[in-house]
Amino acid sequence: MEFGHGGSGEGIRDAHDSRQRAGLPMRRPFDDGRLERCARMLLALAGLRRSVARWIRIPSCRTLPGPNRLRDLVIALALCLLSPVLLAADADDSVVMIAHPGVTVDQLPRNVARAIFGMRQRTWPDGTAARVFVLPNSHPVHGRFVKERLEIVPHQLQLSWDRIVFSGTGQAPERVQTPGQMLEQVAATPGGVGYMEQGAVDERVRIITLDP
Amino acid sequence: MSAFASSRWTPRVLGGLLSLMSFAASPAAAQDVLDTLQFQGFVTQGLVVTDRNNFFGSSSSGGGSLQFTEVGVNASIRPRERLLISAQVLGRRAGSDGRDARPKLDHGVVDYQIFNSQRRSVGVQAGRFKNPFGFYNQTRDMSFTRPSILLPQSIYFDRTRSLGLASDGLTVYGEERIASGTVRAQVGVGRPQTNEDLENALRLDEQPGSLDGRTSVIGQLLYEHDGGRFLAAFSAARVRARFDSGSSGPGDADFRFQPWILSLQYNEENWSLTSEFALRESSLQGLDFEPANFDITGESWYVQYSRRFLTDWQWLLRYDVLYLDRNDRRGRDFEADGLGPSHSRFARDLTFGLQWRLHPQIMVAGEYHHVDGTGWLPGRDNPDPGDTSRRWNMFLLQTSLRF
């Protein structure tokens, strides 16, 4: 996380927090680990290419000018520094919590959202039943929502569902296969709740922001 | 699965669920209630191979034992917002002739949430509820919730599993969300189940008479920090059973079992460190043959490290220790009194396990145990304690399917 929490990252984080407080849609290029993943991948690729080249002794690689390690590092760093710009250019893809428009909540404490998605909180604050929809565990949007928004470890969530179901203390969430189905189901089910990428949300559902 | 078709519980459970649906007022409401109906289940088949001693069948001869099967079906419905009805039927064979594999009602509860706010929820469960005992007891027979094929036997021992499994009675639970995490508490009062395994462990199985559970109390306090990063729990119980022998038997006796368990777990995305420590006071008083009575405190603990890798894989390393009598850890007094071999009073188990979830619904696992002592070895797989070996190795393979 050295990139995400570094000096300039804080400024961006603050800017996003103020957008969140103002109820504005958020976009956090520094906050979702993509940058770190990108950096790691590039460094790993650079390292891999070098060792493969050394192993199979490709002459062209050995005769490349300059110290390879340094050059690879410079390229990786340059790409990573550019990546916020590149990533910001794509659609608004931060993952947000969504609910049926009849749900009378705009904001929830994070631990209440954890309890709802953990299937321990069965009702909304106004007393209506919560109907939880989730994507398959392997779906990237699911992973990002659980890690970045709920801030819990994904495997713990599956485990807590199993423990609740097989001990008779609760029910499992309802599975949908695609973000499109997620939107349809949450929009059509009173008390429905789910998550999706911000850019794909439309007016049929309500966005719920999470307090820390 | 044919066992379930003939199960006497299945029609009853389904009948109960159908009658519940019928009290929904309008067709639309009935449809809403039906929408909440869920069925889930699992099938697990294991292979157990040991070099010496038997575990779950005659595992030390031939190619090992396949007498390790778990089949469960679970149904739940929410007829009202605050009301949940859930039942599970479990067929489990772990050694023996298969009679035990007959499906039994594992749990069957009506759960009502009395109070519910953003900060707090309080509810009550009536029926057969699973005992909240350590981290794993409530779902101990569902392989997908276990970190390994066998749970640490020092605490979740199979040889007297019926006693700790579930109680028929009433339990109250509460959850309080505080800034740093969540506190959960549960207290239950009920009658425990006392099957042959307990009679066997108490050496009352050959005696005339019957062992019946009496009103017992169980409770757990659990703190979950930061969405489950750190977990701490304290569980305690006071379980009682009565042995009525009639005039020809060994005498009427009271059995008392009082365990305390401290559980700790730290979770990171790719690894977990878990440890539990238990003290168990148990006594049997009232038998005419005085040496058969006892009043001892047992001690158990384990430390377990599990690591997830390549998204679907996990390996696990665990060291698990059991002393049946902490005043006689090595069993020397026990052997000197002529009650059995000293190594039957302790067990130290080093386990290495590997799990692969090749599909969200399929899991394959393998496990190796190196064990010193036979403290948790089931008596019915090894009828003569004098015939057991102190040091033994065990290899397990398991395939599980959930639906």
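Two strands pair if DSSP finds at least two bridges between them. Here, strands are DSSP runs marked E of at least two residues, helices are runs marked H or I of at least four residues, and both are numbered from the N terminus. The legends below are about a predicted model, in which local features need pLDDT of at least 70 and side-chain atom pairs count only at pLDDT 80 or more, while totals for chains, interfaces and linings use all residues. Residues are numbered from 1 along each chain as its sequence is written, and chains are lettered from A and ligands numbered from 1 in the order in which they are written.

**View 1. Chain A has an open sheet of 6 strands.**
The strands line up as E2-E6-E1-E5-E3-E4, with mixed pairing. E2(A) (107-109) and E4(A) (174-175) sit at the edges with a single partner strand each, so one side of each has no neighbour in the sheet. Look at E3(A) (residues 131-134): its pairing with E4(A) is parallel, over 2 bridges. There you'll find A:Phe133 opposite A:Glu174 of E4(A). Helix H5 of chain A (residues 110-117) packs on the sheet, touching E1, E2, E3, E5 and E6 of chain A. The direction of H5(A) makes about 90 degrees with that of E2(A) (axes are lines fitted to C-alpha atoms, for helices over the stretch in contact, and angles run from 0 to 180 degrees between N-to-C directions).

**View 2. Helix H6 of chain A has a buried face.**
The buried residues of H6(A) are A:Val141, A:His142, A:Phe145, A:Val146 and A:Arg149. Buried means that 20 or more other C-beta atoms, placed from the backbone, lie within 10 Å of the residue's own. Seen down the axis of H6(A), these residues fall within an arc of 130 degrees, so they line one face of the helix; the arc is that of the directions from the helix axis to the C-beta atoms. An α-helix has 3.6 residues a turn, so residues three or four places apart point the same way. The buried residues of H6(A) pack against E1, E3, H7, H8, E5 and E6 of chain A. After H6(A) comes A:Glu151, with a positive phi near 55 degrees.

**View 3. The largest nonpolar core has 88 residues.**
Such a core is a set of buried Ala, Val, Leu, Ile, Met, Phe, Trp, Tyr and Cys residues joined through C-beta atoms within 7 Å. Those with the most contacts inside it include A:Ile98, A:Val132 and A:Val193. Leaving aside neighbours within four places in sequence, A:Val193 is in contact with residues including A:Met97, A:Ile116 and A:Phe133. Two residues are in contact if their C-beta atoms, placed from the backbone, lie within 7 Å.

**View 4. Chain B meets chain A.**
The contact takes 32 residues from chain B and 30 residues from chain A. On the chain B side, E4(B) gives the largest share, 5 residues. Zoom in on E4(B) and you'll see that a hairpin of 3 residues joins it to E5(B). These two strands pair in the antiparallel sense over 8 bridges, and B:Gln113 has B:Gly123 of E5(B) as its bridge partner. Next along, E5(B) and E6(B) also run antiparallel, joined by 11 bridges, and B:Gly127 stands opposite B:Gly169 in E6(B).

Definitions and conventions:
Buried ≥ 20, exposed ≤ 12 C-beta atoms within 10 Å, placed from the backbone.
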